[in-house]
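Welcome! Let us walk through this structure together, one region at a time.

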Amino acid sequence: MKLELRRIHIKDIQLGNETAVKDGVLTVNAEELINLLKEDERIKDVKIDVARPGEKTRIIPVKDVIEPRVKIEGKGKGFPGVTSKMEQAGEGKVNVLYGAAVVTVGDIVGFQEGVIDMWGEGAKWTPFSKTYNLVVDITPVEGLQPHIHEETVRLAGLKAAEYVGEAGRDVEPDEVLVYEMGSHAEESKKYPDLPKVVYVEMLISQGLLHDGYVYGVNTQQILPTLLHPNEEIDGAVISGNCVAACDKITTYQHQNNSVILDLYEQHGKTINFLGVILTPELTTLDGKFRTCDYTAKLCKMLGADGVIVSEEGYGNPDSDLLMICKRLENAGIKTVLITDECSGWDGMSQPLADTTKEAVAVVSTGNVSHVVTLEPADKVIGDDKAIATLAGGWEGCLEEDGSMKCELNAVIGSTSEIGYHYCTAKLY
Amino acid sequence: MTRKGGEKMKFKVLYYVNQFFGQVGGEDKAGMAPEFKEEAVGPAMGFNGLLQGEGEVIGTIICGDNFFNENKEEALEFIMNIIKEKQPDIVVAGPAFNAGRYGMACAGVAKAVVDELNIPVVSGMYEENPGVEACKSKAIVVKTADSAAGMREALPVMANITKKLVKGEELGLPEEEGYIPQGKRLTVFAEKRGSQRAVEMLLARLNGGEFKTELPMPEFDKVDPAPAIKDLSKATIALVTSGGIVPNGNPDRIQSASAQKWGKYDVSQRDALTGEYYTIHGGYDPVYANEIPDRVVPLDVLKEFEKEGVIGKVYDYFYTTTGTGTSVANATKFGTEIGKELKEAGVDGVILTST
Amino acid sequence: MVKEIERYGIPIVHMATITTISESVGANRIVPTIAIPHPVGNPDLSKEEEYTLRKKLTERALKALSTEIEEATHF
């Protein structure tokens, strides 16, 4: 498969009378977008706003972040199986509004939406303080069942990203990245001596606001599945969850999965990258045994020499992470795990809910309970009182003056377990 | 932590040593009660020199190792009184190398000083000294050799850390500064993103190169099983949960993750939880628990067992907190507090449900 | 929390779905349950069947509390 990601560097964002990109400035016609989204009758109201890096703006509660793109050549558009009809993703030419992001916000569905600060202390902890954000604040009609509420907001965000992405259709990109990888047979013939590496990507698949989707299929229903890396970076996998804002893999981060991109960088040079195995994290013990056995088996069948395993969430999925590690290590396959830690406010607690001695190589993406103090914002998009109920916040953590303390738990992308961000933890 | 930064005054160090390093005697004097000398004695002298005029040892407490370990309260009373009187900026104890009793004495002093007076403490011990586990999270314990032959190396490291702590300077990594890790996981920024570090770590492993894990695996301690209930039909059984089941409105505002508290609710008049309880736990799909909270805390069936005489009684209260993201330290604290109440109430057995 | 309560000498049984975690962490009496969002329930069953299931699981828990054990045991 060959995929070209053609990046149009976005330097600013504004609302205006048209939706277009000129000289790196993205203009969005809010009214047109709102009308488009309100075609879904489950949506009562939509508010559009913008947030730029450096502005003293706080966005809360954040559900998802999506990168606006448009496929100009090749099969499939948008998010196949979800916003558009089912097509094979992973090939063709895609124009990317690089540096822009659609952020969905709104009425709280559950406890684990998050916060994005565009300046100051908070900005350090989220990668989305550096993107030009189009914030879509969605109010659903009253009385929606929680599962429907989530779906409505999810789809609205994706549609918004597609709509905005269209603005890039006829624009010349600033840089073009080519991702090309043939079949295993072809690649192994080209690089017979390079070690074979597989990326096991664990996805939280545990119910309302804890789900993921591949080609529109809820990952609770799948067996561990082999994907060509191009598929994920071309929109085949989207986020349906808010599993602790800190390590939720936003749709944006699926589209730009850092493990995939960093492994791809090494393909043909130091490794033979065989692809991605999507592994659901389930809520029953039997389910866990099934997915862990199956994942390990796939790695063995592929002939992997090394595997990077990333987790999504913490607590019960720590068990899956370590079970997969144990099975692989016992089969002679070298693993590196990427996970965050729950070490408490003082950092003194045991970091994981489970343990296994085979996990000798682990990358830590930080302590989710690390407390940060965020200064008062000049502007809040959404509702900052939501912090009291968000995971990572607590009653009384929002001060009268608008400043707030919260754990990294509540900050979008802070302890990303796909290693998207730069946090780590050191033993002191 | 008090600071003396910016002022020309020397900071004050109070030094603690045992009978041997205090030059009183050996094993024969291990039973000596604590004494205070208004000068630097033994290693405190060398230590004083290393402070290079920035600080000074204002006195040395000498105490027998046996006396301390066998009369802890009395020893600490004396020691703490001296410290409160002399008001040092920092207390230095040892180094104890591998001497177990000496290490435990230093640890005892360290804990009391840090907890009660909020004055920092620096010590030095060999890694395996039992005093390390006892106080490493409270004091900064420098890593030393296993015998007094390591005195010359240990003192400068201790002096250096002492100066930094008094000045309020942040300490670097344990391996850089020379102390035994306190067990604290500090979140910092790395130069490279996590995925990049993972790729490099994997390449190192595949090529047989060296690598260092960023997260050493935790070890969990075990508890002996408690004796079984002899007669269930007379037993009082209590329910506890980490599933975050609370009364409507969450009156005690228990957090949805990383719980900082637990709640206790009277269920003596209820036959089931359904109707007035729901979940605030942010780590699982709440729909089923909200419908029938007994799916997480089986009060309904337990009450039926009580009616049927299978058990003696359902305890009047059930205890709840949120398990997701809740640190082991907090969970341990909650367990200890809840356990105490249950013990005092004479509860015979506990069912704890998790999600 | 299980271990801390047990330290007081009160027998305690951990009803949990991910028993691998219970074991790693050191619970002694363990009853495996249905699923994380509903450990002692199953919304796919009728209300009566579900109640019977819950009763059965809780019965196992009570049995665990009245059984002497030497080491971690599943019931």
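## A paired residue to start with

A:Val198 has A:Gly275, in strand 18 of chain A, as its bridge partner. Strands here are DSSP runs of E with at least two residues, while helices are DSSP runs of H or I with at least four residues, and both are numbered from the N terminus.

Before going further, please keep in mind that this is a predicted model, in which local features need pLDDT of at least 70, side-chain atom pairs count only at pLDDT 80 or more, and totals for chains, interfaces and linings use all residues. Residues are numbered from 1 along each chain as its sequence is written, with chains lettered from A and ligands numbered from 1 in the order in which they are written.

## Strand 13 of chain A and its neighbours

The bridge above belongs to a parallel pairing: strand 13 (residues 196–204) of chain A joins strand 18 (residues 272–281) of chain A over nine bridges. Two strands count as paired if DSSP finds at least two bridges between them. Strand 13 of chain A also runs parallel to strand 19 (residues 306–310) of chain A, with five bridges joining them. There, A:Glu201 has A:Ser310 of strand 19 as its bridge partner.

Is strand 13 of chain A mostly covered or mostly open? It is mostly covered, since nine of its nine residues are buried. Buried means that 20 or more other C-beta atoms, placed from the backbone, lie within 10 Å of the residue's own; with 12 or fewer a residue is exposed, and in between it is partly exposed. A:Lys196, A:Val198, A:Val200, A:Met202 and A:Ile204 point one way from the strand, and A:Val197, A:Tyr199, A:Glu201 and A:Leu203 point the other way. The residues on both sides are all buried.

## A three-strand sheet in chain A

Chain A also holds an open sheet of three strands in the order 15-14-17, with antiparallel pairing. Its edge strands, which each pair on one side only, are strand 15 (217–218) and strand 17 (237–241).

## Nonpolar cores and a buried helix

A nonpolar core is a set of buried Ala, Val, Leu, Ile, Met, Phe, Trp, Tyr and Cys residues joined through C-beta atoms within 7 Å. The largest one has 132 residues, and those with the most contacts inside it are A:Ile59, A:Leu97, A:Val103, A:Leu134, A:Val136, A:Val307 and A:Ile387. Apart from it lies another core, of 68 residues, with B:Ile237, B:Ala238, B:Tyr284 and B:Val297 among them.

Two residues are in contact if their C-beta atoms, placed from the backbone, lie within 7 Å. Leaving aside residues up to four places away in sequence, A:Leu97 touches residues including A:Ile8, A:Ile10, A:Val21, A:Val164 and A:Gly165.

Helix 3 (residues 146–165) of chain A has 20 residues and reaches 29 Å from its first C-alpha to its last. That is close to the expected 28 Å, a span found as 1.5 Å times one less than the number of residues. Why is this helix described as largely enclosed by the rest of the structure? Because 15 of its 20 residues are buried.

## Where chain B meets chain A

This contact takes 51 residues from chain B and 71 residues from chain A. On the side of chain B, helix 8 gives the most, with eleven residues. By class, that side has 24 nonpolar, 18 polar and nine charged residues. Nonpolar here means Ala, Val, Leu, Ile, Met, Phe, Trp, Tyr, Cys and Pro, charged means Asp, Glu, Lys and Arg, and the others, Gly among them, are polar.

Strands pair across this boundary too: strand 25 (residues 423–427) of chain A and strand 7 of chain B are antiparallel, over five bridges.

Chain C has three helices and three strands, which run α-β-α-β-α-β from the N terminus on. Its C-alpha trace spans about 40 × 25 × 15 Å along its principal axes, and 56% of its 75 residues are buried.

The contact with chain B takes 38 residues from chain C and 43 residues from chain B. Helix 3 of chain C gives the most to the chain C side, with six residues. Strand 13 (residues 349–353) of chain B and strand 1 of chain C run parallel, joined by four bridges, and B:Ile351 has C:Val13 as its bridge partner.
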